[in-house]
Structures are given as C-alpha cells and as structure tokens.
Amino acid sequence: MARSRGTIVSVKVPINWESMTNRSRQRLRQIVGRDSRAIRAFLGIIEQHENELLTGRKKNRIHDGKLDKLTLTALRTKTGFGQRPSVLHDMKARFPRMSQNELQECRQTAVALYESFLSLREKKGWQASRPRTIKSTWRIPRWVFTQRFKIEYNESSFSKWWLNLRDSLDSVPEGRKTHDRLLLPLKISPFHINQFRRGDVKACQIFIDRSRKWWANFAVRVVIDEAPDTSLPPAVLGIDLGIEKAVCTTLITPEKVRETKFFKQKEKVELIRKYDRLVADLQRKISIDDNSSPDGVFQKLRQIRHKRENIAREYDRVLVKYLLDYIEELSNKYTLYVSIGRLKNIRNVARKGNYQGSQFRGMIHSWAFARITESLKHGLAQKGWSVDGKDSKFQVVSEAWTSIMCWKCGTKGVRPKQNYFKCPSCGHKTNADRNGAINIAGRLITLTKSLHSVRGLGKWEDSVKTGKHSRLKARKKKPSQGKSLLSSKDQTSGLGESAAVHFVQMDLLGFGDDSKMSDNDPAVASTMETLSVVGSDVPTLKQEKETRSSGGISSR
Ligand SMILES: [Zn+2]
C-alpha cells in the first residue's frame, strides 16, 4: 500500500566539543554567530514589511518570493526572469562571508520563525511576543538542508562520527566555487543511529543549550509503510498512577507517541492531606499522654481513618470511570492495549505497615493502587476485554526504573525538579510522569508477543525503546552522566533551548514528533511548572485540538 507522508522526528546529538581544535571551535562560533545575525536581519525586514509580505487565505504566511525581491540581488537568472541588480535591503552586501545558499537557509529559518509567531498571535492575540524580541545574547540556529551537510563515518579517527558542514567564511569573499568544510565530531550512540535509520535525514541545525553544551539537531522524516489490512491499528495506553499527584496516561502507536493526558484530582489530594494531618496530630497526642488511656482519642482516630478511606474510594471511583470512558473512546480508533505500572515494593510496604506515619501512608497508597487497578480490570472485563494472562489486552507491569529511564534512548536521566525529566544523552526533555507512562507502555509491548507480530517489534522500537535488558545495561554503563548536567544553572532554567529553536522546529518542518501539546496544556500548568513552552518537545497544533476535544478530567 501507499507510503504515508511520514512524521518528522528530531534527533539531538551532542557535539564532542572537548575534542575539537581551537580553530574549529572558533570557526563554528563564527558561523553560528553570523547565521544568527543574518536571521535577525531577515526578521527585522519581515517585520518592517509585514503588510506587503503576508499571504495565504488567513494572511498567516510570508511570501518567500516577495521577500527575495527585497533582500537578494539576482544577476544570474533563468531565462524568462528579469535580473535584479539592486534590492532595498541587500543581504549579500551586508553578509559578504555568506554563500547564497546559506543566506536562503537563514531566510527560510526566519520565515518559519515569523510564521510560527503569526500563528501564535492568531491564538493569543497581540500579547504574543515578536521573534525580534528574542534576547540578543541568544543565538538563533540556521536550518541547514540535506545537500549542504553530511554525516560521515570514519573508523580510524578518534571520533567515529562526524558532521561535515560547509564553511564559506573564506571561500565566498575570495570568490572560490569550492567551499571549505568544517568537521564536527559527534557523540553518536546506537539510539541515534536507530533514529536515523527510520527515514531520511532532511535537515540539521547546531545550537548551544543553557548549560553551554553544543548539540546538532537533525530532522528525520520517518517513512512508514501503511498496514494493508482494514482492522484497527494497534495502540498501547500507558498509565502512570500517581496516588498523590496527577495520573498520567500516554497513547503510543507503532509510529509515535500520540497523546498525553493528566488526570488531576486536586481536591482529593487536599482532603486526604487534611485527614492525614489530623491523624498525625492525634497520634502525637497518644504518644504524649501514654498513661491517661485516651479511649476517646483512639475512637476519633478510627473515625477519621474511616472518613479518609471513604473519600479516597469515592475519588478513585470517579477516576476509574474517566479512565474507562477514555479507553472506550480510544477503542473506536485503535486495537487498544492498556498497561498500568505496578507500584514498587507493594508487598513489603503492606507487611511493614504499623498504622503510623509514612509507612501507614505507604500502605494506604498500595491499597488505593490495588483498588484502582482492580476496578479498572473489572470494568474492562465487563466490556469483554481479556485481562489475564500473558498476551491479554490489560496488563500490570513492573514500575521499576520507569520514572528515571529515558523512554527515547534508555539512558538514565536526571530530574532536576519533581516533574521535569531530562536526558543527558539524547537531549530529550519532558514531564517526568509522561516519561514514566511511556516507559510503562513500552514494557507491555516488550512483554506481549502478539504485538510483536502485528507489525514486527521493530516498528514499536522506533516509537519507544522496548528492549528491557538493553535499557538496564545502558543505564548502568553511564551512571555519572546524569550528575554533570545537574549544574545549578540547569536547575533553575529548565529551558534548554532558545525560543527560536522551538519556533523553528515547530513550523519549518511541521515537527510532529509526538504530541507534546498536552504537555503544554495550561490545564496542567501547575504540574508542569518547570516545563515552559520552550522546554518541552515540539508540538503540532493539530494534535492539540485533537487532545483538547477529547477532553480529560483536567479540563472539566
Ligand atoms: Zn535519552
């Protein structure tokens, strides 16, 4: 059957800055700085001529041709086109150390940046900040397109992988046809190679994150063979059951991570906390007046525990109902599997429980967890689901490591803040619960043989790292990497890339890697405080609408 147009995924590879010579470092800095100035110049021109450049039915696009007429002289033209010996803003004169192609790439980057601002303005009105207001100290990376860079492999050199870039700083002023090349050593891991193999590497950009680390970001267009049969495509819903925080679910298909939802139960958490405080107070009282045999206090304690338990049950029922509705809705579109994480040490906690303090809470948690899992299982069984056995559609999987392992590459990540997950190896940044939910879904895929044969495990491995053992190994191999990234700068920023990177990725290539939109949903803002718009992965607007229209607890 026909091949679908495919999704673009972004693959971030660390540049081995330490091993670069001073000269190549300097060249790279010069190129990135020059590109950034050129992009800013284009942005200024677009802003100045916005009215004449706007095009499209909704006036939300920039007319490339008209912009060229303002900025680029044309002396060698195709027959039938007039020459353009002078233009209003002559960018070639302004940037004499830049080739025509590079200027065009800067123009395209600026246009994409501006168009994403336009769509933001459509949504948010005039408070959307203009791309020109991006801090002058931030560099805006240019998108380099396929013909002008190469990823090279050299077995014998100290770094096996290199990014071969055009360096026209000297060749253009000297009038040379052949440009110099700048070779950048890359820290490529098997994960990165697998990502590249998924499709065609289309474009690349180089940027520095907030912790001054250099990265090469590649845009890969994923090629997917459409399934020939008419049955519903398979999908896995991973559920990360946080008892005292939001419940997070993520939907995964063989192609990609589709949507993430947060089911928040704020009232429940507050009420439960209140009762826990009361219990703690009473317990203190008991231990203080040990001799006065406070029968009344014990009775009150029992009552409060009873109340607390009832409230928890009531809220859990509501939660299960929402989850069941959501699952039913998804079942119309997919052959759905549901994977839920099993709480760590659930038995130990219950055994040790002595009705006091944190251990008591731990026990309550495991009760609540078991209760929710059981009701969900029961509800699905009533809908005719298979809920027991190895290949069943509902499975409880081990939660071990799911919260700290990067779902993309299997490396141990860092969590500078409770809700914020960041991977030192592939640069992935996301909400920590979302990362956990995806890992939980991935575990079900690994465990379920019938899913492997649906389209071959390979496809799933593309959308989520499924090899359990390889993940654990990868984690053990790099125990120290996490620490180096935990600089004080990082903890406060959480931003990583510049706004520009975000904007450019968003529109230039329609970066559809996963539906990160729900991560940006204002409804989950409080659980996502460390993830600004910039920090999360790149969303697509379409998916946002999809997610919103289907709704979640959070939005009601
Ligand atoms: Zn990673």
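This is a predicted model: local features need pLDDT of at least 70, side-chain atom pairs count only at pLDDT 80 or more; totals for chains, interfaces and linings use all residues.
Helix α5 covers residues 100-124 and contains 25 residues.

Helix α12 is formed by residues 432-447, 16 residues in total. From the first C-alpha of α12 to the last, the helix reaches 23 Å, close to the 22 Å expected at 1.5 Å a residue. Of the 16 residues of α12, 15 are buried, and the helix is therefore largely enclosed by the rest of the structure. The criterion for a buried residue is that 20 or more other C-beta atoms lie within 10 Å of its own.

Positive phi values also occur in residues other than glycine, including Lys59 and Trp401. Lys59 is placed in the loop between β2 (54-55) and β3 (61-62), and its phi is near 50°. Lys59 has 12 other C-beta atoms within 10 Å and is therefore classed as exposed, the cut-off for that class being 12 or fewer.

Trp401 is found in the loop that runs between β14 (394-398) and β15 (414-417). The phi of Trp401 is near 70°. With 17 other C-beta atoms within 10 Å, Trp401 is partly exposed, because this class lies between the cut-offs for exposed and buried residues.

Conventions
Residues are numbered from 1 along each chain as its sequence is written. Helices (H or I, at least four residues) and strands (E, at least two) are DSSP runs, numbered from the N terminus. The expected span of a helix is 1.5 Å times one less than its number of residues.
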